[in-house]
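Please open the structure in a viewer and keep the selection panel at hand. The stops below proceed from the whole chain to single side chains.

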Amino acid sequence: MKILGICLLLGAGTLAGMQLSKRLWERVLTLREIRELLERFSGELRFKRTPTGQLLREAAADPGFQRLSFLKKAAERFDGREPFFFVWEQALKAGKIPSGSPEGEILREMGRTLGASDRDSQLAAFALLSERMDGILLTETSRAEREGKLCRSLGILGGLFLAVLAL
């Protein structure tokens, strides 16, 4: 019975470390989806000139943006009567995108840019946002690699420590 308890403690520590590591990688995946959204909007502006409402509805329907739940809220609410940036901002708040986070600022800037000026100005703004997003993504990816490994190791060591204490 004692061996089972020791194994459970070791397993619990390992799972806790894995869960912390997973949370770091979830953020990286969300950042990648934001980067893809920037690329999609830029491509649509550059080549297709799709109206803003249709662009938003297509992005919301795309399963590749499942982590960006605010897109569905914005697509449902945007009917052209309210300014796009207002609908976008409300959807970001409802989607619980942290306002102080770098990705939150980039998303807010996307909402202020999309449909607000001529095509060339929007493309230039999206190019700048893409560069910022690349920097954030690079930083967070290296952080997730480094800290994820640390979390997993500490989880295993913590479980091992508890197992030794249980002896």
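Along the principal axes, the C-alpha trace spans about 70 × 30 × 25 Å.

This is a predicted model, in which local features need pLDDT of at least 70 and side-chain atom pairs count only at pLDDT 80 or more, while totals for chains, interfaces and linings use all residues. Residues are numbered from 1 along each chain as its sequence is written, and side-chain values use heavy atoms, with hydrogens and water left out.

The chain holds 6 helices and 0 strands, where helices (H or I, at least four residues) and strands (E, at least two) are DSSP runs numbered from the N terminus. Contacts (heavy atoms within 4.5 Å) can then be considered: of those with a separation of 6 or more, 65% join residues 24 or more positions apart.

Now select Leu 37, Phe 41, Phe 70, Leu 71, Trp 88, Leu 107 and Met 110, which have the most contacts inside the largest nonpolar core, a set of 36 residues. Helices H1 (2-48), H2 (52-61), H3 (70-77), H4 (84-94), H5 (102-113) and H6 (119-166) each give two or more residues to this core, and H1 gives the most, with 8 residues. A nonpolar core is a set of buried Ala, Val, Leu, Ile, Met, Phe, Trp, Tyr and Cys residues joined through side-chain atoms within 4.5 Å; buried means under 20% relative accessible area, with a 1.4 Å probe and protein chains only.

Which residues are in contact with Trp 88, leaving aside its neighbours within four places in sequence? Select Leu 37, Phe 41, Leu 56, Phe 70, Leu 71, Leu 107, Arg 108, Met 110 and Gly 111 to display them. Remaining on H4, highlight its buried residues, Phe 84, Val 87, Trp 88, Glu 89, Ala 91 and Leu 92. After H4 comes Lys 96, with a positive phi near 60 degrees.

Finally, move to Glu 103 in helix H5. Why does Glu 103 count as buried? Glu 103 does so because its relative accessibility is 10%. Not counting residues up to four places away in sequence, Glu 103 touches Arg 27, Leu 31 and Ile 34.

Technical notes
Buried means under 20% relative accessible area, exposed over 50%, partly exposed in between (1.4 Å probe, protein chains only).
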